[in-house]
Amino acid sequence: MHAQERMRQSRIPFSQRLFWSVFFIFLGFTACVFVFQYQREVDFSREKLNSVLSSYNYQLHYRVQHNSDINAVVQEFVKEIPEHGLRVTIITPTGEVLFDNTNSGIIDNHNNRSEVLKARQMMNAFAIRSSETDGLEYFYSANNIEGYIYRCAIPYSPFIKSTLKVNQEFIYFMALMLLIFFIVLSRYTFSIGQTIAKLKYFSQNVPKNPEKEIEFNFPNDELGDIAQHIIKLYRRQQKAKNELALEREKLIKHFQYSKEGFAMFTEEGVEILSNIQLIQFANVLSNNAVHSAEEVLDIPELDPIRTFLAEKTQTARVKALRQTATINKSGKTFLVECLLFQNNSYEISISDITRQEEEYQMKRQLTQNIAHELKTPVSSIQGYLETLIYNHLSDDKRKFFIERCYSQCQRLTDLLKDISLLNRLEGAADMFELTDVNLNQLLSEIEKECAQQMDAKGITSEVHLPANAMIHGNESLLYSIFRNLYDNTIAYAGENVHINVNCYKEDNKYYYFSFSDNGAGIPEEHINRIFERFYRVDKGRSRKAGGTGLGLSIVKNSVLFHRGQISAKSTPGQGVTFLFTLKKKI
Ligand code: ADP
């Protein structure tokens with residue numbers, strides 16, 4: 001056991017210290033009052049006796065005035081009074097004893113007696129002392145009457161002593177007060193002691209076992225309220241601490257599993273927290289090996305971040321709180337971000353934005369493509385209209401140009417329709433209505449609709465579907481899939497071609513289709529890109545055929561909408577086969 005611990009255990013509890021210190025203060029105070037009061041009582045009793053003896057002095061003087069036989073006067077007087085053994089002395093102004101009823105042979109000068117001395121000055125005085133004459137103890141009371149000292153004294157016997165004693169009741173009263181105070185104080189300090197003991201128990205045990213809910217009943221007073229409040233504050237603080245720890249834990253977990261590289265630093269650049277991803281990204285970015293988060297800032301490409309952090313220390317006011325740098329390395333694009341906090345601590349994050357960057361580029365490409373696709377029909381229409389406005393044309397030619405205008409408008413409409421369909425498929429797929437679609441019916445409708453064009457090119461088709469093949473999906477998208485494939489064969493496969501639509505497999509969830517023709521086919525190098533938007537194998541031919549370059553893109557997205565997959569294979573000269581699946585119920 002520690003010496004400090006031993007000391008703590010051996011010390012007197014606070015409540016006891018409080019009790020004893022207050023008690024001793026009160027005791028001291030009581031003692032002072034007692035002594036003072038005692039003295040007053042003693043003085044009062046003596047004054048009382050003195051005044052009795054003083055009255056005797058005056059009476060004796062009066063009697064001596066009227067009777068010259070002092071001895072007879074005194075003897076008679078002594079008999080009259082209740083006190084026994086009264087000694088009467090008359091002293092002349094020069095100090096000689098004129099009369100003394102106890103010893104007539106006194107010769108020494110009495111002016112040096114203390115009561116006589118005082119009486120000469122103050123007219124009356126008393127003293128308790130031993131008689132120099134007979135050696136006995138007396139209570140003397142002396143009066144200066146016309147220069148003569150009349151002095152009555154009674155023996156200071158035990159009886160007189162007892163009458164001069166302090167009133168016993170006063171002592172009992174003081175003792176009782178002390179007792180009452182003792183009880184009240186002990187009760188009060190006991191209650192304080194209990195509250196403190198509970199608080200002590202709380203402070204020692206609750207932090208060790210914070211989960212355990214301990215109920216404390218404190219007394220209904222201010223101290224109790226304070227104790228309750230302390231406990232409430234402690235529990236609130238504990239709760240906040242736990243929640244904070246939990247949040248911190250979550251944050252650390254989040255950083256550990258984050259795809260982003262992340263590190264936090266103090267104002268001095270000392271690492272507080274970092275994840276592995278940061279080191280990995282830093283090593284991709286750096287030509288030298290990076291071992292710790294603190295080395296990340298040594299990468300030369302992070303110059304803007306370094307300058308930004310240097311500025312923060314140079315100037316009191318920081319202009320920006322965030323600085324970024326985009327770095328291309330090893331075919332990847334990284335975004336490095338530095339966030340500066342109020343206390344000048346900062347965090348650095350590195351994220352791989354290659355995909356976003358690609359998507360952004362793709363979107364840009366797409367917008368350019370759309371603009372390009374729109375430009376062709378719009379400028380054609382403009383040209384035709386200019387020709388019509390500024391030239392005098394024959395009716396036939398006018399009709400020709402107006403028809404070309406119309407067909408370009410049709411092209412524009414188709415293009416916008418396809419773009420909007422693709423946008424809806426990508427952005428608002430849940431807007432498509434779902435119904436039960438009968439595929440047999442759907443395909444026979446398409447066959448009917450395409451019959452004229454197919455006949456014109458000598459194209460034939462056969463469809464093999466299970467009887468009553470049903471899909472719970474979107475009818476118009478399912479129509480788009482097959483219609484676009486039919487249209488493409490009609491447009492690009494050539495003449496006298498045969499189309500074979502086959503549902504070659506079916507399971508609980510999916511239908512497996514093949515759509516093939518034996519036409520021109522698609523060259524190897526293009527086959528992987530035919531599903532891209534605006535991708536055409538032969539641009540001129542596609543435009544001439546009225547294609548928007550979006551047909552197969554719509555097919556692919558419609559298949560994906562129906563939770564299926566699509567791929568194409570082709571042997572140039574021998575045709576194309578599209579293999580795709582469609583989920584029976586989406
Ligand atoms: P388009 O709107 O030009 O038809 P698609 O996305 O539908 O665009 O088709 C992309 C390209 O694939 C077409 O330009 C065409 O060259 C080629 N293609 C599609 N289907 C066939 C097919 N059955 N036979 C040959 N080529 C095809």
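Reader: How far from the ring centre of Tyr140 does the charged end of Arg129 sit?

Author: This is a predicted model, in which local features need pLDDT of at least 70, side-chain atom pairs count only at pLDDT 80 or more, and totals for chains, interfaces and linings use all residues. Residues are numbered from 1 along each chain as its sequence is written, and side-chain values use heavy atoms, with hydrogens and water left out. A charge sits over a ring if NZ of Lys or CZ of Arg is within 6 Å of the ring centre and within 35 degrees of the ring normal. The charged end of Arg129 sits over the ring of Tyr140, and its distance from the centre is 4.1 Å.

Reader: Why is the pair of Tyr511 and Phe513 tilted, and which residue lies over the face of Tyr511?

Author: The ring centres of Tyr511 and Phe513 are 6.1 Å apart and the planes are at 50°, so the pair is tilted. Over the face of Tyr511, at 5.0 Å from the ring centre, lies Lys584.

Reader: Is Asn344, with its positive phi, buried or exposed?

Author: Asn344 has a positive phi of about 70° although it is not a glycine. It is found in the loop between strand E9 (332-340) and strand E10 (346-352), where strands (E, at least two residues) and helices (H or I, at least four) are DSSP runs numbered from the N terminus. Buried means under 20% relative accessible area, exposed over 50%, and partly exposed in between (1.4 Å probe, protein chains only). At a relative accessible area of 18%, Asn344 is buried.

Reader: Which strands are the edges of the five-stranded open sheet?

Author: Two strands pair if DSSP finds at least two bridges between them. The five strands run in the order E7-E6-E10-E9-E8, with antiparallel pairing. Each edge strand pairs on one side only, and these are strand E7 (271-274) and strand E8 (322-329).

Terms used: Rings of Phe, Tyr and Trp (its six-membered ring) pair if their centres lie within 6.5 Å; planes under 30 degrees apart count as stacked, over 60 as edge-to-face and the rest as tilted.
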